[in-house]
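Colleague: Before I use the labels on this model, I would like to hear what stands behind them.

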Amino acid sequence: MNSSWPWCSLRAMWGMGAVFTLSFGICVSAQPVLRQLLGHRVVDIPNHRSSHSKATPRVGGIGVVLGLLPALIFPGTWLPVLAAWILGLVGFRDDVRPTPP
């Protein structure tokens with residue numbers, strides 16, 4: 001194997017597999033929480049400005065943003081994860097307190 005490609009090593013592949021599995025588990029585990037929120041009517045009812053045609057759950061990005069946390073164990077991933085967290089916080093704020101157009 002070419003040693004200049006660290007992502008091709010067996011150890012790195014196992015690490016990426018573990019991170020993927022952990023991220024997937026976090027996203028799936030967030031699903032019951034989101035269903036609980038749906039029970040509290042945390043849904044977005046479509047209107048003339050909406051891009052969706054049926055009621056859609058709000059705060060759905062929480063599971064995705066939490067699923068990014070395991071990626072932080074890889075060097076050089078903190079900046080994209082930080083950017084995703086900032087976008088997630090902006091989206092969460094908009095879901096909780098909608099902003100005018």
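Predicted model: local features only at pLDDT ≥ 70, side-chain atom pairs only at ≥ 80, totals over all residues.

Modeller: Residues are numbered from 1 along each chain as its sequence is written, and side-chain values use heavy atoms, with hydrogens and water left out.

Colleague: What makes up the protein chain in helices and strands?

Modeller: The chain has 3 helices and 2 strands, in the order α-β-β-α-α from the N terminus. Helices (H or I, at least four residues) and strands (E, at least two) are DSSP runs, numbered from the N terminus.

Colleague: Why is Ser23 called buried?

Modeller: Buried means under 20% relative accessible area, exposed over 50%, and partly exposed in between (1.4 Å probe, protein chains only). Ser23 has 14% relative accessibility, so Ser23 counts as buried. Ser23 sits in helix 1, residues 10-39, and, leaving aside residues up to four places away in sequence, touches Gly67 and Pro70. Contact here means heavy atoms within 4.5 Å.

Colleague: And why is Val43 called partly exposed?

Modeller: Val43 counts as partly exposed because its relative accessibility is 21%. Val43 belongs to strand 1, residues 43-44. Its C-alpha atom is 9.8 Å from that of Lys54, 11 residues along the chain.

Colleague: How many aromatic pairs are there, and what makes Phe20 and Phe24 stacked?

Modeller: The count is 1 aromatic pair. Phe20 and Phe24 lie 6.4 Å apart, centre to centre, with 20 degrees between the planes, and are stacked. Rings of Phe, Tyr and Trp (its six-membered ring) pair if their centres lie within 6.5 Å; planes under 30 degrees apart count as stacked, over 60 as edge-to-face and the rest as tilted. Both residues are in helix 1, 4 residues apart, about one turn of the helix, and both are exposed.

Colleague: Which element gives the largest share of the lining of the second largest pocket?

Modeller: Helix 3 does, with 6 residues. A pocket is an open set of points on a 1 Å grid where a 1.4 Å probe fits, with protein on both sides within 12 Å along at least five of seven lines; lining residues have an atom within 4 Å of a point. The lining includes Ile62, Trp85 and Asp95.
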